[in-house]
Amino acid sequence: MIPKTFKEVIDLGDGREISIETGKLAKQADGSVVVQMGKAMLLCTIVSARKQSPVDFLPLTVDYREKFAAAGRYPGGFFKREARPSNDEILTMRLVDRVLRPLFPKNYHYETQIMIQLMSHDDEVMPDALAGLAASTAIQLSDIPFEYPISEVRVARVNGEFVINPSREQLDIADMDMMVGASVDSVAMVEGEMDECSEEEMADAIKFAHEAIKVQCEAQVRLAEAFGKKETREYEGEVIDEDIEKKIFDAAYQKCYDVAKKGMGKTERSEAFSEIKDEVIALFSEEEQEENGDLISKYYSKAHKEAVRSLLLKEGIRLDGRKTTDIRPIWCEVDYLPSTHGSSIFTRGETQALATVTLGTSREANIIDLPTLQGEETFYLHYNFPPFCTGEARPLRGTSRREIGHGNLAQRALKGMIPDDCPYTVRVVSEVLESNGSSSMATVCSGTMALMDAGVQMKKPVSGIAMGLISDGKDYAVLSDILGDEDHLGDMDFKVTGTADGITACQMDIKIKGLSYEILVKALKQARDGRLHILEKLTDAIAQPNESVKAHAPKIVTTTIPGDYIGALIGPGGKVIQELQKATDTTIVINEDPVTEEGIVEILGTNQDGIDAVLAKIESLLFKPEVGSVYEVKVIKLLDFGAVVEYVDAPGNEVLLHISEMAWKRTENVTDVVNLGDTIDVKYFGLDPRTRKEKVSLKALLPKPEGFKERPPRRDDKGRDNRGRDNRGRDNRNRDRK
C-alpha cells in the first residue's frame, strides 16, 4: 500500500519550483523530507535521542553527503564506495549547522543527528543551496523542540540582476555569490565571495535573499500543518536554583566588571577571572560543590558575560582597553623563510599567522572529483590551527571542519586577485602561531603578503577584519577587530575581506534575533575603515608584488606545439621527455587543449639555461626549412653515398646530403668534399619527387663550371626510368593511358 504523502511547492518566480514532500521515505526517523528542484533530490532526516546526554551542551551533528550514484558515477579509489566527506560537503555541513544550532533550546542536551543526502543530481541545480531548507523542514515535521523555521538560499548577481539559487553556469559569470540563512524575522548567517562590491550592494543582496527565505519558511509551516504538526516532546531541562544564581551574581559581577575595565592582556586577564571563579567556588561547602558544581560554573559564566557586556555598553570600554573602532597594534614581515618561494608574518595583537607560498605546474593542481563537480583548482589555500596557538595541549585528529571552513574563507577572499594569466599552480599555507581573535583574517593578510613576496602579480592586495556586536535590545555597540572573548561573549561574528575598492569575501554569524539592516550597514562601513587601516600596514611591509620569483623558486614558461608533435616530444614510452628533463633539470608538463587540440607545454625549472635548452629542443622539433632557403649545417655522419648533416639552428634535425649534390663534377669519395665536423651551407629544395625524401644541395651554392652539361635524369618527376618502369620495375605507362 502506497503511503499518503504531503507536498508543498515553492515558486521561485522565474519558472522554477522547489517541492518539499513527506510521508513516503524514512518514516522511522523523527522527521524526514524530500526536497526537489528540477531533477535534484535531497533526502533529509532528523533523529534526537530520548535520553539526555551527560554533556553540558547540545551534541548536534549535521551530516551532508553527495552520493555518486545520484549523478550516475562511480566513486574513485580502490574500494569504489563513498568514504570521508569532501571539503565541499564539510563546508555545506557548516553552513547548515551555524544557522540551526542557536535555535535549539539552550537546555536541550540530547544527542541529535541531521542527515542530508543527495539522492539525485541535476547539472542545472546546486544542491548545497537546498540543504538548509531540507534540514529545517525535517525539524518542523518532528516533535523536537526548535524555535522557528529557517531556510538558506544562494543569491548571485548575474549581469546586474540578483538570482536566487542560480545554476553553476550562471554562477560562472556572476560577480557576487552568497549563501544567506535566515528566519522570517531576521538574518542569521551570510557567507560568500564578491568581485569588489560595495557595502550597499552587499546589503541589497542580503535583503533580496531574505525575501525568498520568508516564502520558504511559510511553506514549511503549511506542510507541517497539513502533515499534522506534532506536539513538542517533553524533556528534562536544566535545574534552576535562583538562590545560588543570585549568590554568585552578587559575589562575581562587580569583580568581573572591575577586571574587565583594567584592559589587561589575554593571559593576565584569564588568570584574574580564574581567581574570581575560585573565590566564588570557595563560598560553597565541599558537599554543595559536589552537588551543584555544574550550576556554580554556569552561573559564574553568566555573571562574567553580563559584566563584560555591561561595561562595553555603559562605558564603551573593551576587555583590552580599546575603543570600539580601534585596531590592535600590527607588525608585518616578508621573506622570513629563506627556502620557501614566498613567506610572510602577520601579527595583530595576540593573533599571528605565518604564510608560505609554493609555485608549481598544472600537475600540482588540486583535483576536484565530486558527484556534482569535476575539475581542478590552480589556486588553493590550506589553514592549520595547532593547539599551541591558544596555549593548549591536545591530540591532533587530522584537519578539523573549522580549519577547512576558515581556509575556504581565506581562499575565496584572495582567489579573485590572482591574475588570469598566472602560469603557476599556487598553494598558500597559513600556520596560525597565536590566536586571540580572527586567525582567518590574519591568514588573508599574511597570504596577501606572501603571494606578493613570491612574485605572484596580484591585481590588488587584500586585507580582512572581524567585526563584533554587543546588544541588549535597546543599545548596541559594533566592535572592530574583535578578541576571542568578544566573539564568545558577543552577539555577532562578522568577517569581511576586500581591497581598497570593495569587498571580496564575507562570513557572518548572528546570535540574536532581529538584527536590523541599519546595524548591518554600520558594521560593514566600520569594517571598511578597519580594512583600509590594516591594508596600509600590509603595503608598508611590501608595496607591490616582486617583479620576478626568487632565484631558488622555479621559473615557468608556457608554449604551444601542434597536436601532431606531442608524441614526438614525449617519445616512445616517454623516453624523449624523460631524458630531456634529466638533462636540463626541469619539469615538463604537456596538456592537450580540448578546443584547439594544440599541446600546451609547461616548462618549470630554477635554471634559466635548462629552460632555454628545452625551448630550443621544442623549436628544433617544430623546425620546418623553407624551399629555396640556405641553411648552415654540420656534418655529423659520413656514408658511402653521402653525408648526414644537422641544421645548426635546429639541433636534432638531420638530412642527407647526397654525394651527387656535393659538387658539379663527379665525386668519388665523400671525404673529397667534406669531413666529419665540418660546417657548411646548403640550399633546401624540399621533397625530391623521385625519392620522396628531403633534398639539400651544396653544389647549388657553387658556381657551375663553364661548359658544364647536366646528364639527363635517370627518372622523370613520377619516378619512372626511360622505359617507363618505376623503382619496383613495374611498367605504369598503360595505366596512365587509361
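Hi everyone. Glutamate 218 is partly exposed, with a relative accessible area of 41%. Before I say more about that residue, please keep in mind that this is a predicted model.

So where does glutamate 218 sit? You will find glutamate 218 in helix 4, which covers residues 199-227.

Helix 2, residues 128-140, crosses helix 4 at roughly 30°, and their axes come within 9 Å. That angle makes helix 2 roughly parallel to helix 4. The crossing of helix 2 past helix 4 is right-handed. Which residues make the contact? On the helix 2 side they are Leu133, Ser136, Thr137 and Gln140, and on the helix 4 side they are Gln216, Gln220, Leu223 and Ala224. Sorted by class, this contact of helix 2 with helix 4 has five polar residues, three nonpolar ones and no charged ones.

Helix 5 spans residues 242-261 and helix 6 spans residues 266-282; they pack at an angle of about 165°, with axes 10 Å apart. Are helix 5 and helix 6 roughly parallel or roughly antiparallel to each other? At that angle, which is over the 145 degrees needed, helix 5 and helix 6 are roughly antiparallel. Their crossing is right-handed. From helix 5, the residues taking part are Ile248, Ala251, Ala252, Lys255, Cys256, Val259 and Ala260. They meet Ala272, Phe273, Ile276, Glu279 and Val280 of helix 6. By class, the contact of helix 5 with helix 6 counts ten nonpolar residues, two charged ones and no polar ones.

The other partner is helix 7, residues 286-315. Here the axes of helix 5 and helix 7 come within 8 Å and cross at roughly 40°. Helix 5 and helix 7 are therefore oblique to each other. Once again we have a right-handed crossing, this time of helix 5 past helix 7. The contact of helix 5 with helix 7 brings together 16 nonpolar, three polar and six charged residues.

How many disulfides does the structure hold? The number is zero. In case the word is new to you, a disulfide is a covalent bond between the sulfur atoms of two cysteines. For cysteine 197, the closest cysteine sulfur belongs to cysteine 506, and at 7.8 Å it is too far away for a bond.

Next, a couple of loops with backbone angles to look at. Lysine 80 lies in the loop between strand 5 (60-66) and helix 1 (87-100). Its phi is near 55°, which is a positive value in a residue other than glycine. Asparagine 159 also has a positive phi, of about 55°, although it is not a glycine. You can find asparagine 159 in the loop between strand 7 (151-158) and strand 8 (161-164). Is asparagine 159 buried or exposed? With 67% relative accessibility, asparagine 159 counts as exposed.

Proline 105 is in the loop between helix 1 and strand 6 (110-120), and it is partly exposed, with a relative accessible area of 23%. Setting aside residues up to four places away in sequence, proline 105 touches Pro145 and Tyr235. From proline 105 to glycine 464 is 359 residues in sequence and 33 Å in space, C-alpha to C-alpha.

Glycine 464 leads us to our last stop, valine 496. Valine 496 is in strand 20, residues 492-499, and counts as buried at 1% relative accessibility. Which residues does valine 496 contact, leaving aside neighbours within four places in sequence? They are Met441, Ser463, Gly464, Ile465, Ile503, Ala505, Leu524, Ala527 and Arg531. Valine 496 and threonine 356 are 140 residues apart in sequence, and their C-alpha atoms are 22 Å apart.

Technical notes: Residues are numbered from 1 along each chain as its sequence is written. This is a predicted model: local features need pLDDT of at least 70, side-chain atom pairs count only at pLDDT 80 or more; totals for chains, interfaces and linings use all residues. Side-chain values use heavy atoms; hydrogens and water are left out. A disulfide is a pair of cysteine sulfur atoms within 2.5 Å. Axes are lines fitted to C-alpha atoms, for helices over the stretch in contact, and angles run from 0 to 180 degrees between N-to-C directions. Helices (H or I, at least four residues) and strands (E, at least two) are DSSP runs, numbered from the N terminus. Angles under 35 degrees count as roughly parallel, over 145 as roughly antiparallel, 65 to 115 as roughly perpendicular and the rest as oblique. A crossing is left-handed if the near helix is turned anticlockwise from the far one by less than a right angle, and right-handed if clockwise. Contact means heavy atoms within 4.5 Å. Ala, Val, Leu, Ile, Met, Phe, Trp, Tyr, Cys and Pro count as nonpolar, Asp, Glu, Lys and Arg as charged, and the others, Gly among them, as polar. Buried means under 20% relative accessible area, exposed over 50%, partly exposed in between (1.4 Å probe, protein chains only).
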